[in-house]
Amino acid sequence: MKLIKIKSSAIHGKGAFAALALPKGTPLPAFVKIGTSGTEKDWIRSKLGRYINHSPNANTVPFRMRNAILLVTRKKIRKGEELTVNYMAVRKAIDR
């Protein structure tokens, strides 16, 4: 089941949009750790991680689980709504 669609964004370039309504608390895979250097280069991005745009009032929050970072919806997301994350929160999750 496809959860996101990539299309033009009013925020910046292309963005990740909900392909269907997502309940609050839905986990979405965004980053996977593949290296051990302790740098940002250890992480690869999923399609969501590549296209999600920044917002200070983001509708997802990063949650680190060992070698993965999930973006968890903070509220119910309507079908067609753009998914956003606060990039500084992602940075903190990577640096943990």
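Start by selecting V32, which sits in strand β3, residues 27-33. The model on screen is a predicted one. V32 has a relative accessible area of 41%, so it counts as partly exposed, a class that lies between the buried limit of 20% and the exposed limit of 50%.

Next, go to strand β2, residues 14-18. Of its five residues, four are buried, so β2 is largely enclosed by the rest of the structure. Buried here means under 20% relative accessible area.

Now show strand β1, residues 4-8, beside β2. The two strands run antiparallel and are joined by five bridges. To see how they line up, select I4 and look across to A18 in β2, which stands opposite. Then move to the hairpin of β1 and β2, where five residues lie between the strands. Select G13 in this hairpin: G13 takes a positive phi near 50°.

The last stop is the largest pocket, which holds about 280 Å³ of space. Its lining has 13 residues, and those closest to the pocket centre are F31, E40, R45, V90 and I94. To colour the lining by element, pick β4 (43-45), α1 (47-51) and α2 (87-95), the elements that each give two or more residues to it. Finish on α2, which provides four residues, the largest share of the lining of this pocket.

Key:
Residues are numbered from 1 along each chain as its sequence is written. This is a predicted model: local features need pLDDT of at least 70, side-chain atom pairs count only at pLDDT 80 or more; totals for chains, interfaces and linings use all residues. Side-chain values use heavy atoms; hydrogens and water are left out. Buried means under 20% relative accessible area, exposed over 50%, partly exposed in between (1.4 Å probe, protein chains only). Two strands pair if DSSP finds at least two bridges between them. On a 1 Å grid over the protein atoms alone, a cavity is a set of points where a 1.4 Å probe fits but cannot get out, and a pocket is an open set with protein on both sides within 12 Å along at least five of seven lines; lining residues have an atom within 4 Å of a point. Grid points are joined across faces, edges and corners, and a volume is the space filled by probe spheres set on the points.
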